Amino acid sequence: MAEAAPMQFELYDISKTYEDNYQNGPFFAGDMPTRPAIKQMQKVFDFEVNSRLGVPAGPLLNSHWCDVYAQLGFDLPVYKTVRSVERACHPAPNCIFLNAENQFGHQDINTQMKPGVRPSLDEKITITNSFGVPSLSPEVWMKDIEAGNKKMASGQLMLVSVNGTPGLAERDLVEDYGYVSAMAKEAGAKIIEVNYSCPNLGGSKEGALFSDPENSALVSKKIRESIGDTPLMIKLGWMPAEQLEKVIAANRPYVDGFAAINTIPRKIVNDQGGSALPGEGRLQSGTCGFAIGELAEEVTSNLIDLRTKWKDDFVICSVGGMMTAQDLHRRLEMGADMVMSATAAMWDPYLAQRFHEYK
C-alpha cells in the first residue's frame with residue numbers, strides 16, 4: 001500500500017483576502033503538539049519565558065492568531081502592526097510564491113523578478129508579501145490586545161508591533177509614533193516593537209526610517225518619552241554594516257533592542273513588465289522566506305559584532321530566512337537573544353515543536 005501524502009498546512013491562506021484570514025483564520029485543523037518538558041526558563045528583557053522562539057508581526061493578525069501560534073509552541077508571538085487610525089489592506093492577492101533557488105545577494109535588492117510556483121520542499125518557500133500595514137481602529141485593537149495577553153500561557157509573552165501614520169491632520173509623523181506607542185502600552189503591551197522598515201510603503205517616510213540615523217532617533221526619543229520604561233525594540237531592514245552602526249548608535253540611548261531583518265524589497269513583475277500585484281504603487285514589495293536567509297544572517301552577525309565592540313547589552317531579535325529548527329538554533333548559537341520565523345511558520349505549524357525537540 002502506498003504511503004499517504006504528508007498533510008499540508010497553510011495557516012494563512014494566501015488564496016483568500018486579508019479580511020477573510022482575519023475573521024476566519026488561522027486555517028489549522030491538525031492536532032496541537034505536546035511539547036517536551038521545559039528544563040530551563042529563558043530571559044527576554046526582564047521576562048522569564050519558556051523559550052526564545054516567536055513569530056514576527058506579519059502573520060499574526062489578531063489575538064486569536066497569537067493564541068493559536070502560542071499553543072503551537074511559539075512562545076513570543078508578535079501582534080500584527082497597529083496604527084492610531086484605521087487603514088485598509090492592499091487588495092488581494094497579498095502573497096505570491098517566487099522562484100528562488102538561490103539566496104539573494106546585495107546585488108539583488110530592489111531588482112526585478114517574476115512570480116513562481118510553490119516549491120516541492122516547504123523549507124525552500126520564498127514569497128513576496130504586500131499588505132501595506134493595514135490596521136483596524138484603536139477601539140478594536142486595544143481591546144483585542146488586552147484579550148491576547150490573557151490568552152498567553154505561563155512563560156509566554158505577546159509583543160505588540162506599532163507604526164506611525166504620515167499625513168494626519170491632528171499629529172505629525174513623529175508625534176503619531178509616540179501617540180500610537182502610548183496607546184499600545186495603555187492596551188497592555190509588555191514589549192513594544194516599532195516598524196521602521198516596511199518595503200511595502202514604497203519611499204514613504206514611515207517605511208524608510210530604519211536607515212536614517214538622525215530621523216529614526218528623533219522618533220525613538222519621542223516613543224521613549226511616551227512609554228516610559230516599557231521595553232522598546234525597533235524593526236530594521238537590511239543595510240550595510242557601516243550604516244547599521246550609525247543607526248544603532250543614534251537610537252541606542254532610547255531603544256532596548258533591535259529586530260532584523262524585515263523583508264527584502266524587490267520589484268515583482270509580470271510577463272509584460274508591469275506589477276504582478278494589482279493596484280497602484282505595488283511594483284515594489286517585500287520578499288521573505290528561504291532566499292533572504294543569508295542577508296538576514298549577515299545583519300544578525302553585524303549586530304552581534306557591534307554589541308561586542310561596544311561591550312553593550314542591547315537585545316537582538318533575529319528574523320528572516322529561518323525555515324528549519326536547525327536554522328533557528330544556529331542564529332541563537334551565533335548570539336541572538338530571540339529568533340522569529342514568519343514564512344516557515346505560515347506553512348509549518350509544527351516548526352516550534354521541532355525547535356523544542358532539537359538536539
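Helices (H or I, at least four residues) and strands (E, at least two) are DSSP runs, numbered from the N terminus. The structure described here is a predicted model.

**Confidence**

The protein has a mean pLDDT of 94, and 95% of its residues reach 70 or more. Residues 1-7 have a pLDDT below 50, and this stretch makes zero contacts in the model beyond near neighbours in sequence. Residues 200-206 also stay under 50 in pLDDT, but for this stretch the model has 28 contacts beyond four places in sequence. Where pLDDT is low, the predicted coordinates should not be read in detail.

**Backbone features in loops**

Positive phi values occur at phenylalanine 45 and at asparagine 110, neither of which is a glycine. Phenylalanine 45 belongs to the loop between E1 and strand E2 (47-49). Its relative accessibility is 15%, so phenylalanine 45 counts as buried, the cut-off being under 20%. Asparagine 110 lies in the loop between E5 and strand E6 (112-113). With a relative accessible area of 36%, asparagine 110 is partly exposed, because this value falls between the limits of 20% and 50%.

The angles of these features are as follows.

| Site | Angle |
|---|---|
| Phenylalanine 45 | phi near 55 degrees |
| Asparagine 110 | phi about 70 degrees |

**The largest pocket**

The largest pocket holds about 470 Å³ of space. It is lined by 17 residues, of which Lys39, Gln40, Gln42, Asn50 and His356 are the closest to its centre. By class, the lining consists of six nonpolar, six polar and five charged residues. Helix H11 (351-357) supplies three residues, the largest share of the lining. H9 and H11 each contribute at least two residues.

**Aspartate 327**

Helix H9 spans residues 325-334 and contains aspartate 327. Aspartate 327 counts as buried because its relative accessibility is 15%, where buried means under 20%. Leaving aside residues up to four places away in sequence, aspartate 327 touches Gly321 and Met322.

Conventions. Residues numbered from 1 in each chain as written. Predicted model: local features only at pLDDT ≥ 70, side-chain atom pairs only at ≥ 80, totals over all residues. Heavy atoms only, no water. Buried < 20%, exposed > 50% of the residue type's maximum accessible area, 1.4 Å probe, protein only. Contact = heavy atoms within 4.5 Å. 1 Å grid on protein atoms, 1.4 Å probe; cavity = no way out; pocket = protein on both sides within 12 Å on 5 of 7 lines; lining within 4 Å. Points joined across faces, edges and corners; volume = space filled by probe spheres on them. Nonpolar A, V, L, I, M, F, W, Y, C, P; charged D, E, K, R; others polar. pLDDT = per-residue confidence, 0-100.
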